[in-house]
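Subject: Structure handover

Hello,

Here is the structure I promised to pass on. Please open it first, then read my notes below.

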Amino acid sequence: YGRGHRMTEIAIYDVRNGLVEEGYQSLVNPGRTIPRRIVSLTGISNRMVSSAPFFDHIAAAVLERLEGRIFVAHNARFDWGWVSQQLAEALGEVPNVERLCTVQMARRLLPRLRRRNLDELARHYGIAVADRHRAHGDALATARILIRLLDEAGRQGLADLDALRIFLHKRGRRSRPRQGQQLSLGFDSRDRLD
């Protein structure tokens, strides 16, 4: 994002109660020519986006899907940069949402895993990634990886979202849960992971 780059596709999947639910996806007309290297990486051509909506036309729907939720992405800082910039330009507002990064989660929860890119985590969990480097394929794979990482968090004694937050932001060695401590990972409706 930045330097005049624009989004060409967006996808959002809801994760509730350990399941990937409804999704939203749209190609986005960037209003400029897509660089060749991006066309090569994503397969999204200028012709494909020529009749797609501009981000301004879908910004309200994107904002509605993000408000009051937790924004989860694989490298959340990067993805949030794109989404927040486009929302700010289109609507003049950006929702104040908590962000959760599956890369950071994997680093802390799976320290023995040498690489934690999306392909490696998908391979580790046996998750097929359809349409790699497309928003819908990567977002769906990330949602499925999130569920597996939350299961891992529960096995490691992180009983709720607050415990996970503390664990992810704690430096150094983490303490193990006390013997007999509850291992269920539960989120209430205010802590939806999307």
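The surface comes first. In this predicted model, the protein exposes about 11,300 Å². Carbon and sulfur atoms supply 46% of that area. Of the 194 residues, 44% count as buried.

Next, the elements. The protein has 8 helices and 4 strands. Starting at the N terminus, their order is β-β-α-α-α-β-α-β-α-α-α-α.

Now look at contacts along the chain. Take those between residues at least 6 apart in sequence. Of these, 66% join residues at least 24 apart.

Go to the hairpin next. Strand β1 covers residues 9–16 and strand β2 covers residues 19–27. The two strands run antiparallel, and 7 bridges join them. Valine 15 stands opposite valine 20 in β2. Between β1 and β2 there are 2 residues. Asparagine 17 sits in this turn and has a positive phi of about 50°.

Last, a helix pair. Two packed helices are described by the angle between their axes and the distance between the axes. Here the pair is α5 (residues 102–109) and α7 (residues 135–155). Their angle is about 30°, and their axes are 10 Å apart. The crossing of α5 past α7 is left-handed.

Which residues in α5 and α7 meet? From α5 come Thr102, Met105, Ala106 and Leu109. From α7 come Thr142, Leu146, Leu149, Leu150, Glu152 and Ala153. The residues of this contact divide into 7 nonpolar, 2 polar and 1 charged.

Best wishes

Note on methods. Residues are numbered from 1 along each chain as its sequence is written. This is a predicted model: local features need pLDDT of at least 70, side-chain atom pairs count only at pLDDT 80 or more; totals for chains, interfaces and linings use all residues. Side-chain values use heavy atoms; hydrogens and water are left out. Two strands pair if DSSP finds at least two bridges between them. Buried means under 20% relative accessible area, exposed over 50%, partly exposed in between (1.4 Å probe, protein chains only). Contact means heavy atoms within 4.5 Å. Accessible areas come from the Shrake-Rupley method with a 1.4 Å probe; for residues, only the protein chains shown count as cover. Axes are lines fitted to C-alpha atoms, for helices over the stretch in contact, and angles run from 0 to 180 degrees between N-to-C directions. A crossing is left-handed if the near helix is turned anticlockwise from the far one by less than a right angle, and right-handed if clockwise. Ala, Val, Leu, Ile, Met, Phe, Trp, Tyr, Cys and Pro count as nonpolar, Asp, Glu, Lys and Arg as charged, and the others, Gly among them, as polar.
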